[in-house]
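Welcome, and thank you for taking a look. The report below walks through one chain, moving between single residues and the whole fold.

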Amino acid sequence: MDKLTQINKSDADEWRKNVEDMFQEIADTYEKINTFISMGMDKGWRLKLLKRLKQYYDPSHPVLDIGCGPGSLSALSKKHLPEARFLSSDICPRFLEIAANSGNAQEVLRLSASDLPFKNECTSAVTSAFVLRNLPDLERFYKECYRILRPGGVISMLDLTQPKFKPISFFHSLYMGIALPLGAKIYGSRIEAYEYLDRSIKNCLAPQDMNELLKKCGFTVKHTDSLCLGTVTIYTAVKE
């Protein structure tokens, strides 16, 4: 896990392996610490994602949830999008075990987001929450999403972002630098992992750059929802 501070994303295979190892170590406390850091707002952000998804989703084909973690999104969908069939996927075996055993997810798959093992045009939607900044090649990922989506299919992606307004950005960085290691300490998790996750926010593209990348990969951007003073963004785009 410590190698994440040393290697470059250009070495995609090594990057993925180290990300997998990191999440394998912190999987049991990950959800509790996320809720602690977000002061409980993370559930509301996921609900907003599901509302966007519902606007465009065709229930005749499944939703592929990338980096599902303990299955939080599929668990919420049972009440708020019950017609959806979620395929919950992650690179980390422990997350999939938690998702399946907790009843959060009914179908789990272990896979890498860079190479989706599906035929063309077989899904209606692809979702993710807090995953994008951990991927070594976003363009490759979006092209894979475009390939497996049916015409009219939708992607809805939630991630942390850096606010444009400098005072907010400063205090957000300060808060994350304190809250992440504190949460790790309270819940007995690896502090080093959360130090990486704090730094990883800087790896995420600014919303305008993310939208340009989505367009480059063939998508039509429908919504860019800036939440929590710009510290969280949901991107919703359609394959037309």
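Leucine 135 sits in the loop that joins strand E4 to helix H5, the helix spanning 138-148. This is a predicted model, and in it leucine 135 is buried, with a relative accessible area of 12%.

## The overall fold

Let us step back to the chain as a whole. Eight helices and seven strands make up its secondary structure. The radius of gyration is 17 Å, and this agrees with the value near 18 Å that a compact globule of 240 residues would have. Taken along the principal axes, the box filled by the C-alpha atoms is roughly 45 × 40 × 35 Å.

How much of the chain is buried? Of the 240 residues, 52% count as buried. Contacts tell their own story: among those with a separation of 6 or more, 71% come from residues 24 or more positions apart.

## Surface and charge

The chain exposes about 10900 Å², and carbon and sulfur atoms supply 53% of that area. On the charge side, there are 32 positive and 29 negative side chains. The centres of these two sets lie 5 Å apart.

## The loop between E3 and E4

Several residues worth a visit share one loop. Serine 112 lies there, between strand E3 (108-110) and strand E4 (123-129). With 19% relative accessibility, serine 112 counts as buried, because the cut-off is under 20%. Its C-alpha atom is separated by 31 Å from that of serine 169, a residue 57 positions apart along the chain.

Aspartate 115 is found in the loop between E3 and E4 too, but here the relative accessible area is 39%, so aspartate 115 is partly exposed. What does aspartate 115 touch, once neighbours within four places in sequence are left aside? Its contacts are Arg140 and Glu144. Phenylalanine 141 is 26 residues apart from aspartate 115 in sequence and 7.6 Å apart in space, C-alpha to C-alpha. Glutamate 121 also lies in the loop between E3 and E4, and with a relative accessible area of 40% it is partly exposed.

## Two positive phi angles

Backbone angles deserve a moment as well. Most residues other than glycine have a negative phi. Glutamate 121 is not a glycine, and yet its phi is positive, at about 55 degrees.

Methionine 39, again not a glycine, has a positive phi of about 55 degrees. Where does methionine 39 lie? Its place is the loop between helix H1 (12-37) and helix H2 (42-56). Is methionine 39 buried or exposed? At 61% relative accessibility, methionine 39 counts as exposed.

## A glycine within helix H6

Glycine 177 belongs to helix H6, which covers residues 166-186. Its relative accessibility is 32%, and glycine 177 therefore counts as partly exposed. Glutamate 195 lies 18 residues apart from glycine 177 in sequence, while the C-alpha to C-alpha distance between them is 7.5 Å.

## Cysteines without disulfides

How many disulfides does the chain have? The count comes to zero.

Cysteine 68 is buried, with a relative accessible area of 6%. Cysteine 145 is buried as well, and its relative accessible area is 0%.

Technical notes:
Residues numbered from 1 in each chain as written. Predicted model: local features only at pLDDT ≥ 70, side-chain atom pairs only at ≥ 80, totals over all residues. Heavy atoms only, no water. Helix = DSSP H or I, 4+ residues; strand = E, 2+ residues; numbered from the N terminus. Rg over C-alpha atoms; globule rule 2.2 N^0.38 Å. Buried < 20%, exposed > 50% of the residue type's maximum accessible area, 1.4 Å probe, protein only. Contact = heavy atoms within 4.5 Å. Areas by Shrake-Rupley, 256 points an atom, 1.4 Å probe, with all protein chains shown as cover. Lys, Arg positive; Asp, Glu negative; His and termini not counted. Charge placed at Lys NZ, Arg CZ, Asp CG, Glu CD. Disulfide = S-S within 2.5 Å.
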